Amino acid sequence: MRRWIVILLALMLALPLAARGEGADVPVETFIQRSGIQADAAMREKIEAFLREKAISAPVLDMIDDALLQSYARHLSEDLPIDYAALLDAPSQPMPEGAKILRLAVLQPQGASMESLLADFERGLVYYDENWPVPEDVCRAQYAGTLSDAASAALLKRLDGMTLEDQCGDIVGMEFGAIRVAVAWEGGVTRCMAGGDGVSEAFLDGVGALLATGRAAAQGEL
């Protein structure tokens, strides 16, 4: 049931803005009441900006459960990112040797689902979902937690043995079904899209290890 609600919500958010009432009043008061937060003028502005950016109208808000609203409110009040779109969209560049890694995203298609991981080393946060691309909205992640020193070290060690390039293997015609590994460092993003017969077993093993480590970290087991 959770999966279908998430899919339906995602489809509604993907509708053209005009179809969702761009420019119409956004349900700020309803958001505040249902999330149970105390909102001063500055917080109200954040909420309004968020609702407008995501084109969340009153009908869409009605479909979002209270737990998700509370997560949105917490991220807004603590100035935490709700999405990490830059990791997936920013131009990819070669990563300089010795660059400090700030964030990591891993996405691996599994049929109609998308197993994914987002680790924010700067803020000490980790998110994991076996069905949802969490970099698009970390508040919907199945598991979310604090990134411990041990988990951070384990993820960075896994990454250290992998070679990230702008493209790995043959992904022509299957970009949406490609494995993606993206790393943000001070000054840029390095991203690898992998698919087809040219992907090495070592790379696939590395991706699997990253996802397994991220899941354990987000569940507080590492």
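Modeller: Here is a short tour of the chain, topic by topic.
This is a predicted model, where local features need pLDDT of at least 70, side-chain atom pairs count only at pLDDT 80 or more, and totals for chains, interfaces and linings use all residues. Residues are numbered from 1 along each chain as its sequence is written, and side-chain values use heavy atoms, with hydrogens and water left out.

Colleague: What does the secondary structure of the chain come to?

Modeller: Eight helices and seven strands. Helices (H or I, at least four residues) and strands (E, at least two) are DSSP runs, numbered from the N terminus.

Colleague: How much of the chain counts as buried?

Modeller: 46% of the 222 residues. Buried means under 20% relative accessible area, exposed is over 50%, and partly exposed is in between (1.4 Å probe, protein chains only).

Colleague: Which residues have the most contacts inside the largest nonpolar core?

Modeller: Leu 104, Val 106, Leu 147, Leu 155, Phe 203 and Val 207. That core has 26 residues. A nonpolar core is a set of buried Ala, Val, Leu, Ile, Met, Phe, Trp, Tyr and Cys residues joined through side-chain atoms within 4.5 Å.

Colleague: Which element gives the largest share of this core?

Modeller: α8, with six residues. Several elements each supply at least two residues, including β1 (101-110), α7 (149-160) and α8 (201-218). There is also a second, separate core of 20 residues. Phe 31, Leu 51, Leu 68 and Tyr 72 are among its members.

Colleague: Back to α7 and α8. At what angle do they pack?

Modeller: About 175°, with their axes 10 Å apart. Axes are lines fitted to C-alpha atoms, for helices over the stretch in contact, and angles run from 0 to 180 degrees between N-to-C directions. So α7 and α8 are roughly antiparallel to each other. Angles under 35 degrees count as roughly parallel, over 145 as roughly antiparallel, 65 to 115 as roughly perpendicular and the rest as oblique.

Colleague: Which residues meet there, α7 to α8?

Modeller: In α7, Ala 151, Ala 154, Leu 155, Arg 158 and Leu 159. In α8, they meet Ala 209, Leu 210, Thr 213, Gly 214 and Ala 217. By class, this contact of α7 with α8 has seven nonpolar, two polar and one charged residues. Here Ala, Val, Leu, Ile, Met, Phe, Trp, Tyr, Cys and Pro count as nonpolar, Asp, Glu, Lys and Arg as charged, and the others, Gly among them, as polar.

Colleague: And α3 with α5, what angle is that?

Modeller: About 125°, between α3 (residues 41-53) and α5 (residues 66-77), with axes 10 Å apart. That makes α3 oblique to α5. Met 43, Lys 46, Ile 47 and Phe 50 in α3 meet Tyr 72, Ala 73, Leu 76 and Ser 77 in α5. Those contact residues divide into six nonpolar, one polar and one charged.

Colleague: New topic. What is the phi of Ala 55?

Modeller: Positive, about 50°, although Ala 55 is not a glycine. Most residues other than glycine have a negative phi. Ala 55 sits in the loop between α3 and α4 (58-63).

Colleague: Is Ala 55 buried or exposed?

Modeller: Buried, because its relative accessibility is 13%. Asp 79 also has a positive phi, about 55°. Asp 79 is in the loop between α5 and α6 (85-89). At 54% relative accessibility, Asp 79 counts as exposed.

Colleague: Last one. Where does Gln 219 lie?

Modeller: In the segment after α8. Gln 219 is partly exposed, at 28% relative accessible area. Gln 219 and Thr 146 are 73 residues apart in sequence, and 9.2 Å apart in space, C-alpha to C-alpha.

Methods
Contact = heavy atoms within 4.5 Å.
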